[in-house]
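Dear colleague,

Please find the structure below. My notes on it follow, for you to check against the coordinates.

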Amino acid sequence: MSMKHKLLGLLAAAMVTTSGIAQQPRLTIEADRPGIMISPQLYGIFFEDINYGADGGLYAELVQNRSFEFHGKDALYAWSKVENGGAQVGWSVSGQDPLNPNNPHHLSLEITQPGREAGIANSGFGGIAVKAGEGFVFSVHARLRSGIPSHLKVRIVGSTGTVLGEATLAKPGPDWAKLTTTLKSKATDAHAHLELLAGGPATLDLDMVSLFPKDTWKGRPNGLRKDLVQMLSDMKPAFMRFPGGCIVEGKDLSNAYRWKDTIGDVSERKANWNRWQIAMAKALAPQYYQSYGLGFFEFFQLCEDIGASPLPIINCGMSCQFMDKQFVPVNELDPWIQDALDLIEFANGPATTIWGAKRAKMGHSKPFNLKFLGIGNEQWGNDYFDRYAKFHAALKARHPEIQLVTSAGPGPDDQWFKLAWDRLKTQPADIVDEHYYKQPEWFLSNVERYTGYDRKGPKIFAGEYAAHTAGWDGDNRCNLYAALSEAAFMTGLERNSDVVHMASYAPLFAKAGKVQWAIDLIWFDNTRVYGSPSYQVQKLYSLNRPTRLLPTRVDAAPKNFFATAGEGSNPGSLILKVVNVGPSPVQTTVAIPAWFQIKPTLNVTVLTSGSEKDENTFNDPSKVIPRENTIQLPGAEAEFQYQFPPWSLTIIKIKGK
Ligand code: AHR
């Protein structure tokens with residue numbers, strides 16, 4: 001403990017009541033008054049392709065702009081020519097006889113002077129990271145237009161120009177064909193690049209140039225980055241919301257996320273540009289695209305892998321209301337509603353149905369057990385509710401078993417929020433999605449937000465939230481203070497889980513140096529990953545979700561001291577969470593009815609750090625992580641003393657006799 005904390009602790013201990021008797025907080029867990037059941041779906045995750053969360057992130061493809069679908073002057077972004085030993089090459093992006101209509105462009109490469117060898121190089125997403133001994137799968141769709149190349153080969157070349165791995169490909173013929181090979185890197189290099197080289201004068205067409213590590217999550221081809229999925233899996237999220245987020249809406253309707261573009265063979269998926277290219281004036285990202293290699297099939301599969309219920313969000317015929325505000329006329333919504341119905345069939349339909357068959361063809365004949373579907377992302381106003389009504393009626397008529405999620409707009413208390421709840425007096429809803437990106441103080445003063453909610457009304461999904469230390473647009477920090485304010489707020493979610501059924505922090509991922517939205521849960525670059533203090537909080541709450549609430553009373557509680565408790569899944573076990581968002585330790589008596597007879601060994605997990613401003617970083621990823629220990633009481637007790645550290649979240653697991 002720092003000197004400052006010690007002094008503040010002494011000061012707190014010296015505090016006396018008006019009667020002159022020091023009053024120590026007393027936390028009583030009323031174990032004989034079991035309360036509401038806590039929603040098993042309470043803690044989940046929110047995935048959106050923002051901050052390079054998908055391409056260049058979770059999706060393990062190492063080649064950027066693999067299908068030459070970047071627009072205009074960026075058509076050759078991340079590519080360069082290789083002209084070795086006097087070679088000369090001409091190149092252009094062509095639309096002549098494309099691979100398929102969804103993939104309209106390819107590279108036409110003309111080797112006019114063969115020299116030693118000639119071809120193209122790709123720099124990946126800020127370099128291609130390779131490890132010594134690591135295996136890769138390379139593939140390209142190619143056809144020969146003229147000439148006869150003496151060879152076609154692929155190389156991984158290190159940052160100093162050394163060839164780290166090489167393999168030969170079959171020679172292409174006159175028709176498009178997929179050529180595949182494997183290669184290994186003989187050294188570690190975070191900034192290698194890929195080269196595809198041919199010998200002899202020839203004109204070649206190339207498309208879908210791809211390099212994947214073999215060691216993806218579960219070793220899957222077209223797979224996901226293992227270390228990033230592990231971070232998600234470790235959280236044991238009850239659900240996963242995807243694919244967003246504003247990306248669902250698109251800048252305009254032509255840019256909207258249409259799930260059907262994202263399934264089937266990857267070469268037939270219809271790439272799109274990413275609206276986060278231009279959404280944040282302070283963080284433009286002109287070369288941010290969506291290959292859709294991580295598409296709806298892969299999302300469902302990921303959910304299954306990590307035990308999360310899928311929660312897809314579907315476009316409801318509205319583009320982003322912060323951007324172009326294009327709306328499909330209410331009487332022309334049928335194709336958009338049909339997309340939603342087809343999605344349910346893709347997820348749950350037997351393999352004999354049209355969309356179920358597409359799922360089965362992709363390798364999953366069993367249904368994905370879809371139970372939730374969001375109608376629109378963060379939409380608002382009468383424009384939304386008029387469209388929502390149409391979706392709701394059609395979906396409920398065909399699929400009453402699917403729980404539908406309704407948007408309450410972008411804020412927790414603005415005019416759109418009020419309008420939403422006004423419309424919801426007459427329009428049916430299962431689950432209402434509330435969003436709040438607010439300062440930590442807002443979270444601290446809104447811990448009881450849901451205490452006054454109608455118990456008979458729709459359930460709540462706190463679908464996007466995060467504490468922003470400097471306000472939404474400020475210089476925000478992912479620090480312990482922000483995380484503790486969220487932890488405090490989450491005690492309120494747990495205590496009101498009869499109303500709040502689901503909650504997810506947002507956004508999930510941020511790639512260092514590629515950030516549009518600065519407050520995020522998991523930070524990574526091409527080789528490393530760490531969780532922010534908020535990640536630690538989300539994980540701790542998810543791993544320590546009680547099954548049933550036990551009322552908790554704190555007498556003489558100091559400011560910003562919060563607690564919640566409940567029954568653990570093992571009979572006779574209790575889980576107590578205490579959040580001390582203050583600079584002083586809080587000496588507390590923890591009391592449980594005498595009959596419970598606390599077993600003398602307590603398991604304690606504490607998340608704290610020297611300063612509330614502490615953050616995790618690539619260099620110090622474990623600065624703010626939970627530490628576990630056990631406490632030995634003298635014997636079976638009805639109460640015990642515990643000092644909750646300054647700036648801390650403490651979880652105590654208590655067993656009864
Ligand atoms: O989480 C970042 C963005 O915040 C989401 O895309 C959007 O739904 C909200 O405005």
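**Notes on charges and burial**

Lys 657 lies in the segment that follows strand E34 (648–655). This is a predicted model. With a relative accessible area of 64%, Lys 657 is exposed, since exposed means over 50%. On the surface, Lys 657 gathers with Lys 599, Lys 653 and Lys 655 in a patch of positive charge.

Next, the salt bridges. The count comes to 31. One of them joins the side chains of Arg 241 and Glu 464, with 3.7 Å from N to O. Arg 241 belongs to strand E14 and Glu 464 to strand E21 (residues 459–467), so this pair ties together parts that are 223 residues apart in sequence. Are the two partners buried or exposed? Both Arg 241 and Glu 464 are buried.

Asp 339 takes part in two salt bridges that I looked at, one with Arg 258 and one with Lys 260. In the pair with Arg 258, the closest N and O atoms are 2.8 Å apart. For Lys 260 and Asp 339, the N to O distance is 2.9 Å. Lys 260 also lies in the loop between E14 and E15, and because Asp 339 is in helix H4, this pair ties together parts that are 79 residues apart in sequence.

How do these residues stand in terms of accessibility, and which of them is buried? Asp 339 is buried, at a relative accessible area of 11%, the limit for buried being under 20%. Arg 258 counts as partly exposed at 23% relative accessibility. Lys 260 counts as partly exposed too, at 26%.

Elsewhere, salt bridges with shared partners join Glu 30, Arg 33, Arg 553 and Asp 555 into one network.

Asn 255 counts as buried, because its relative accessibility is 1%. What does Asn 255 touch, leaving aside residues up to four places away in sequence? Its contacts are Gly 250, Asn 272, Trp 273 and Arg 275.

Regards

How values were computed
Residues are numbered from 1 along each chain as its sequence is written. This is a predicted model: local features need pLDDT of at least 70, side-chain atom pairs count only at pLDDT 80 or more; totals for chains, interfaces and linings use all residues. Side-chain values use heavy atoms; hydrogens and water are left out. Patches are made of residues with over 30% relative accessible area and no salt bridge: like charges are joined within 9 Å, nonpolar side chains (Val, Leu, Ile, Met, Phe, Trp, Tyr) within 5 Å. Accessible areas come from the Shrake-Rupley method with a 1.4 Å probe; for residues, only the protein chains shown count as cover. A salt bridge is a side-chain nitrogen of Lys or Arg within 4 Å of a carboxyl oxygen of Asp or Glu. Lys and Arg count as positive and Asp and Glu as negative; His and the chain ends are not counted. The place of a charge is taken as NZ of Lys, CZ of Arg, CG of Asp or CD of Glu. Helices (H or I, at least four residues) and strands (E, at least two) are DSSP runs, numbered from the N terminus. Buried means under 20% relative accessible area, exposed over 50%, partly exposed in between (1.4 Å probe, protein chains only). Contact means heavy atoms within 4.5 Å.
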